[in-house]
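Colleague: I am new to this structure. Can you take me through parts of it?

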Amino acid sequence: MSYQVLARKYRPEKFQDVLGQEHVTKTLLNSFERDRIAHAYLFSGPRGVGKTTTARILAKALNCLNESNGSPCNDCQNCDEIASSRSMDVLEIDGASNRGIDEIRNLRELVKYAPINAKNKVFIIDEVHMLTQAAFNALLKTLEEPPPHVKFIFATTEPNKVLPTILSRCQRHDFHRMSLGTIEKGLRTIIEIEGIKVEESVLHLIGNMADGSMRDALSLTDQLIAFCGDSVTLKAATEMLGIIPNDLFFSITDALKTKDHSALLVQLSEVHAKGFALTDFIGGLNRHLLNLLIASGEKGGQLLDMTDDLKQRYSEESKGLNPRDLIRQIDHVTVMESELKHVQQPKIYVEAMILKLAEMDASVNIADILKKLSSGNTETNYTEEQNATEIFQPEPESTVKEESSTAARETAPEKKEAKSSVENSPQFKQVIKRWEEVVAKVSENGTSISTFLSHGKPIELSGKRLTIGFPKKYKFQLDVLKKNMRRIETSIMKVLDQEMRVEFVLVQNEKASIDKTEETHPVTQRMLELFGGEILD
Ligand SMILES: [Zn+2]
């Protein structure tokens, strides 16, 4: 017998079997119980999370000869035909390859005919956002006055590209990226039935690589079974999938802590010897640093989506690390990630940049140092007395005044705006308090987005509009964030259980204006000369 891929073999056949989308399946089941079936549905969400599967179950439930309360029997002729895509009354159309108006006109013709063997004619249009404008308009006409026996189920990975006039005529259901736990649990059930031994850490590895998609997780499992047979070890899995083990990243951060250059070079040569792609390595290192940053927060590793052991390990490892240092390291690695494509000698470049990472000095808060210096506290160590005296030479008063008034003028409009906000509303306080969690949630969708987001601060909540301020140097990152607004809003919804519209602004807030003065402060200037530092926001 030929091998049947797992995703097909274990495709859910009832709403209750669809993993991780209970918010959708429960609603659909309820609508059957109450006999309130909509005539058009829109399923949106990332790829591989069960949209098409749910659409097929819905089609079966609508046409099954023995349907009860929304559960198809999966045994009758109609169920069989739908499952094997042979049904004359359930038509699956791929929006990506049937984009034109002719196809939709065809569809409009088909809509006119009554179903042949079933109660309903069901049109499932996958990737509906790919349809052309003309096709959309044709579709809209059908949607406006659908015959009672016609049901539409649209699926899309990009609901923002679907015309609002179509959206408004559909009952919309947003499918979620699956959590690591859900994927692991699903895999565990399947490999048990298959009688295959898979180490627990392998399930975790697959879950992580699948990035929220059960379909991807199952196809990775297929590959592993083909490669390893019926006993899959972590060692074989990392080898086959070309995955860089977590241990290596922990060794790297350990070596960074102690500035151990030779240990770093040994780890890098291992990356090279094992044939890992440098881009994967740098991406993995960035993810690792972000995990440490999240784990260094109030809630420790709890916010991370991984096994408990690994959460614990991140919590331990992040102890004593300064979040500001981690953010700078992430920035540094993000730059590496984007420059790697353009350099002539990537291996040498990565070695040099990792050593530079080790030599990056710890962040110091200049305000603290200035305070210490002006209060005459001599605890700060200056080796040369001469330099220290020079630092303390008072600046002519007029210059100082001019500087501060320029700074004040520059920041005036923003300050005014900040004052008008309801800064002390309980909702806003809640946003501030749990902002870290929001950033962590966003990281599930992509490392760079959450890294960029971590540079900003919520500065105002007015109604549902949440304004997030960024220092001016992050202008470029803002463009990226704007493209990912919806993801950020979804994360806010998940963490705070409140719907908000985000807005990004470049600010020079009070804090930044102090920095500005500090930047030009003669002491700061002298310190930069002496110690070769960099000014941080
Ligand atoms: Zn049936």
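This is a predicted model: local features need pLDDT of at least 70, side-chain atom pairs count only at pLDDT 80 or more; totals for chains, interfaces and linings use all residues.

Modeller: Residues are numbered from 1 along each chain as its sequence is written.

Colleague: How many helices and strands does the chain have?

Modeller: Helices (H or I, at least four residues) and strands (E, at least two) are DSSP runs, numbered from the N terminus. On that basis the chain comes to 27 helices and ten strands.

Colleague: What share of the chain's residues is buried?

Modeller: A residue is buried if 20 or more other C-beta atoms, placed from the backbone, lie within 10 Å of its own; 12 or fewer make it exposed, and in between it is partly exposed. Of the 537 residues, the buried share is 31%.

Colleague: Is α22 oblique or roughly parallel to α25?

Modeller: Axes are lines fitted to C-alpha atoms, for helices over the stretch in contact, and angles run from 0 to 180 degrees between N-to-C directions. Helix α25 covers residues 485-496; the two helices pack at about 125°, with axes 9 Å apart. Angles under 35 degrees count as roughly parallel, over 145 as roughly antiparallel, 65 to 115 as roughly perpendicular and the rest as oblique. So α22 and α25 are oblique.

Colleague: Which residues of α22 make the contact with α25?

Modeller: Two residues are in contact if their C-beta atoms, placed from the backbone, lie within 7 Å. On the α25 side, the contact has Arg487, Ile488, Ser491, Ile492, Lys494 and Val495. On the α22 side, the residues are Glu437, Val438, Lys441 and Val442.

Colleague: Which strands stand at the edges of the sheet?

Modeller: Two strands pair if DSSP finds at least two bridges between them. Three strands form an open, mixed sheet in the order β8-β9-β10. Each edge strand has a single partner, so one side is left without a neighbour in the sheet; these strands are β8 (457-462) and β10 (501-507).

Colleague: In β9, which residue is the bridge partner of Ser462?

Modeller: β8 pairs with β9 (residues 465-471) in the antiparallel sense, over five bridges. In β9, the partner of Ser462 is Arg465.
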